[in-house]
Amino acid sequence: MFSSLGYFWKETFYSLFRNKFMAVASVLTVTLSMFILGVFLCAVLNINHMATYLENQVEMTVYLKDGLNTEQVMAVGKKLKALPDLKEIKFTNKDQAMAEFKQRLGDQQGILDAINGNPLPSSYSTSFATPASLKNAVSIVTQYPEVDSVQYGQDIIEQLYKVAQVIRIGGIILIVFLAGAELFIISNTIRLTVFARRREIQIMKYVGATNGFIRWPFIFEGMIIGFIGSGLSSFILWEGYKVVLMEMAQAGLVFIPMIPLWPFIGYMTVMLLAAGIIIGILGSTISLRKYMKV
């Protein structure tokens, strides 16, 4: 068994060296394809992560109608406090809302010159224990006659999920295309080797060599091409993702919820390596099909 493995590996490296230009082209194709695949997966997973993070920021702002008296405003507060899984509640009157708005404007106070009076409504800011509790509270609070509108960031979350869905569908199409390109390149690389050794293969079959004995060196060759290409793409993706996180931190964008580098990229590396090896095996198998029938 060990002598057979030694023979398989010897033949594999001999074949790679003899067809080194095609082997290098195959490795580079796998590297590029797997890197693009990894970028798409990183984008989809991070957008899903952001949407989940925002969804878990289970906060709701209830804007009240103008003209309510103190008793009506307090009645809304009592009903809000009775909602299930309420964690915190804070009331902001019109004057406080305007003061906070002016503070956010900073040096651009001139914008307020064109505004007559105070158009900002009073509001209650609430937070809940779970997203399900928040959605249940929204359906209840929107029915209150004193409430003008309810804001809880659902539009942003839905838009993020839509973007993730578009990237996911595009990624699947791209994955199929790239996998086809990799299969084509790897199978052609192996096919050149098989063609150059076709007489040797025929002789081996005539003297009783099994298909498995003939096939394994070529399968190993495809595995090595897929492994090296996927390994290079994983390294580039690892370093690129690290740079992105560092640049975001230096730019003060730490509030954007990105997936931490580890173990996320570790999982990505394992997945890309497995995909590259599988594609290499498939490419080799496709190339050998014709000659195994002889």
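Mentor: A surface patch is made of residues with over 30% relative accessible area and no salt bridge, in which like charges are joined within 9 Å and nonpolar side chains (Val, Leu, Ile, Met, Phe, Trp, Tyr) within 5 Å. A salt bridge is a side-chain nitrogen of Lys or Arg within 4 Å of a carboxyl oxygen of Asp or Glu, and accessible areas come from the Shrake-Rupley method with a 1.4 Å probe, where for residues only the protein chains shown count as cover. This is a predicted model, in which local features need pLDDT of at least 70 and side-chain atom pairs count only at pLDDT 80 or more, while totals for chains, interfaces and linings use all residues. Residues are numbered from 1 along each chain as its sequence is written, and side-chain values use heavy atoms, with hydrogens and water left out.

Trainee: Which residues make the nonpolar surface patch here?

Mentor: I203, Y206 and V207 make it, over about 400 Å². I203 belongs to helix α7 (residues 198-206); helices (H or I, at least four residues) and strands (E, at least two) are DSSP runs, numbered from the N terminus.

Trainee: Is I203 buried or exposed?

Mentor: Buried means under 20% relative accessible area, exposed over 50%, and partly exposed in between, with a 1.4 Å probe and protein chains only. I203 has a relative accessible area of 53%, so I203 is exposed. In the protein, buried residues make up 35% of the 294 residues.

Trainee: In what order do the four strands form the sheet?

Mentor: Strands of a sheet pair through backbone hydrogen bonds, either parallel or antiparallel; here two strands pair if DSSP finds at least two bridges between them. The four strands form an open sheet in the order β2-β3-β1-β4, with antiparallel pairing. Its edge strands, each pairing on one side only, are β2 (86-92) and β4 (147-151). Between β1 (residues 59-64) and β3 (residues 123-128) there are five bridges, and M60 stands opposite T126 in β3.

Trainee: Which helix lies across β1, β3 and β4?

Mentor: Contact means heavy atoms within 4.5 Å, and axes are lines fitted to C-alpha atoms, for helices over the stretch in contact, with angles from 0 to 180 degrees between N-to-C directions. Helix α5 (residues 131-141) lies across these strands, running at about 10° to β1.

Trainee: With which residues is M223 in contact, leaving aside its neighbours within four places in sequence?

Mentor: M223, in helix α8 (residues 211-250), is in contact with I277, G280 and I281. The C-alpha atoms of M223 and I277 are separated by 4.8 Å, although these residues are 54 apart along the chain.
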